[in-house]
Amino acid sequence: MITRTRATIALSVGAVLALGPALAAGAAGSTITNGLFEDDAVGSTTITGWSSMNQAIDLGVTAIAGCTTVDTSDYTNLREYDEEAEPNWNRFFANVPGESEYWYYVHDANGDPVTILGDRLVWDDDYSEYYLEVEMAPEPEPVSEASYALSSVADPANSDPATTEPAPDETSPTEPAPEEAAPTEPSPEESTPTEPAPTLQPATASYSYVVEYDWSSDQSTAFETAAASAIPDPTVRGDDIANAGLDYEEYQSEIIDGADVDREGSKVLELYSDLGGDLDGYVIHGPAVYSNPFTVAAGRQISLDWKAVDESDDFHVFGYLLNVDTCAQTEVIDATGESAEWTTTSVAIPAAGTYRFVFVSGSYDKSWGGAAGAYMYIDNIVQTAAFDGPGIDLALAAGIGEYLPGSDVQVSGGGLLPESEYNLVLRSTPVLVTEGLTDLDGRFLDVVPLPMDITPGAHTITLTGQGPSGPLTQVAYITVGSDGTLQYFSLTGPQRLLAFTGPAENAGILVLAALLALAGIGAIELDRRRRSPFSTVYVR
């Protein structure tokens with residue numbers, strides 16, 4: 001089976017001849033411009049064919065390329081609340097009196113002390129540990145002999161029998177009765193007003209501080225319950241830039257040497273961020289890049305290579321195809337983690353149309369330490385045929401009206417015989433453009449330049465591969481104008497009319513075209529093919 005892809009526009013002959021050049025000039029090309037990122041120097045922050053947004057990107061709010069992004073990420077899972085989230089407590093409300101300068105009482109969001117089974121919660125910012133302030137049982141102060149001497153109650157052990165007052169019924173006749181005592185003699189029940197009797201007072205309250213790994217099971221359970229009830233809502237804290245309280249933020253996109261990230265001999269697009277905030281557990285995206293528009297026919301796919309690593313904390317990277325006309329997104333990448341090595345990802349084109357590629361780098365504060373940041377790397381964005389069975393495909397880099405000699409042609413195949421031959425030949429005078437062998441899975445992908453000396457006129461480009469049931473052939477019919485531009489491209493047959501080669505030559509044809517359009521005679525099929533940026537990644 002031969003896999004063929006065509007962009008077909010059915011019009012009357014007159015309409016095509018009269019309007020064809022204007023359509024070619026105004027339509028978006030079928031190429032993902034600079035998908036290999038080889039057009040710019042290492043260190044360049046201006047990327048040919050791409051636009052950069054070096055800023056925070058609020059998915060679901062920020063507009064990219066004229067379309068508001070749709071946030072398809074699940075931040076509850078992303079932020080791992082069950083294991084990583086911390087309660088929304090103020091751990092620095094006030095220092096604990098008499099203790100380390102790093103010890104603080106913990107208060108909740110309402111400013112109330114956090115207590116665990118009646119004991120106040122303390123945070124040690126030096127060792128990042130919680131303590132419980134447990135009040136010690138009070139002990140009475142020791143009382144000395146002097147304390148008794150100051151009391152109006154005599155110490156029986158030191159009493160002098162000779163000076164002991166007799167009982168009231170043994171009072172001598174000359175002594176007044178107790179109730180008739182002279183006003184200057186205080187009664188035994190009255191203490192000396194200038195010497196108040198001391199009382200036994202408990203000692204000042206004291207506390208011990210129990211570190212969390214020494215807590216009882218009841219204390220630990222109560223702490224976990226209190227903490228879980230204070231965890232912030234992920235729908236509020238997730239990707240809300242305002243809630244991150246960023247102290248600093250840096251976003252950058254540039255071309256780097258692929259050798260720095262295990263891509264020898266190539267250049268790579270890097271997206272970088274470095275963030276720091278007052279609050280913990282936030283998710284911030286940015287920077288973002290998006291491609292120039294490109295047209296894609298149905299039955300094709302886009303593939304790319306990507307890599308991501310953490311900077312200050314874990315990465316969250318996002319990429320999608322954006323339909324320019326409907327703003328519909330087709331997700332290509334949604335990944336998180338500490339490190340992801342080079343990965344090839346493919347997505348089928350949902351429908352023929354005009355698209356952009358959008359990449360959004362990002363990071364999330366998984367450690368809940370306030371800092372975040374990550375790197376995302378992108379390379380080899382290619383548009384290829386989607387092979388459901390044995391098939392071959394060729395695509396030109398040049399589009400209608402563009403200079404053809406020396407431009408690239410991409411050839412690919414899938415489902416062929418393992419290690420079988422394929423070749424590409426330019427005719428009328430045969431010129432071998434490229435040849436090679438499929439891999440062990442019967443796949444190949446090759447990008448080569450066409451000859452520089454292609455002459456004006458009609459030509460064919462023939463791709464041949466070896467399928468399980470015999471040879472497969474695909475023929476592209478082209479017409480080259482006198483100025484070297486591509487005037488016609490089709491996978492079904494040669495051009496039936498003369499190619500446009502200059503204004504003077506076009507005059508008679510334009511008149512004929514107008515007459516044919518008025519008569520409504522005929523229709524033709526205008527096939528357009530332009531290249532996609534190519535990679536060395538094989539496509540199934």
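What share of the contacts in the chain with a separation of 6 or more comes from residues 24 or more positions apart? The figure is 72%. Keep in mind that this is a predicted model.

First, the overall picture. The chain has 540 residues, and 45% of them count as buried. Its secondary structure comes to seven helices and 29 strands. The accessible surface is about 27000 Å², and carbon and sulfur atoms account for 52% of that.

Now the cysteines. How many disulfides does the structure hold? One. As a reminder, a disulfide is a covalent bond between the sulfur atoms of two cysteines. Here the partners are C67 and C327, with an S to S distance of 1.9 Å.

Where do these two cysteines sit? C67 is in strand β4, which covers residues 67-68. C327 is in the loop between β16, residues 315-323, and β17, residues 329-337. The pair therefore ties together parts of the chain that are 260 residues apart in sequence.

Next, the handedness. The torsion about the S-S bond of C67 and C327 is about -70°, so this disulfide is left-handed.

Last, are the two ends buried or exposed? Take C67 to begin with: its relative accessibility is 5%, and the cut-off for buried is under 20%, so C67 counts as buried. C327 has a relative accessibility of 29%. That value falls between the 20% and 50% limits, so C327 counts as partly exposed.

Conventions:
Residues numbered from 1 in each chain as written. Predicted model: local features only at pLDDT ≥ 70, side-chain atom pairs only at ≥ 80, totals over all residues. Heavy atoms only, no water. Helix = DSSP H or I, 4+ residues; strand = E, 2+ residues; numbered from the N terminus. Buried < 20%, exposed > 50% of the residue type's maximum accessible area, 1.4 Å probe, protein only. Contact = heavy atoms within 4.5 Å. Areas by Shrake-Rupley, 256 points an atom, 1.4 Å probe, with all protein chains shown as cover. Disulfide = S-S within 2.5 Å.
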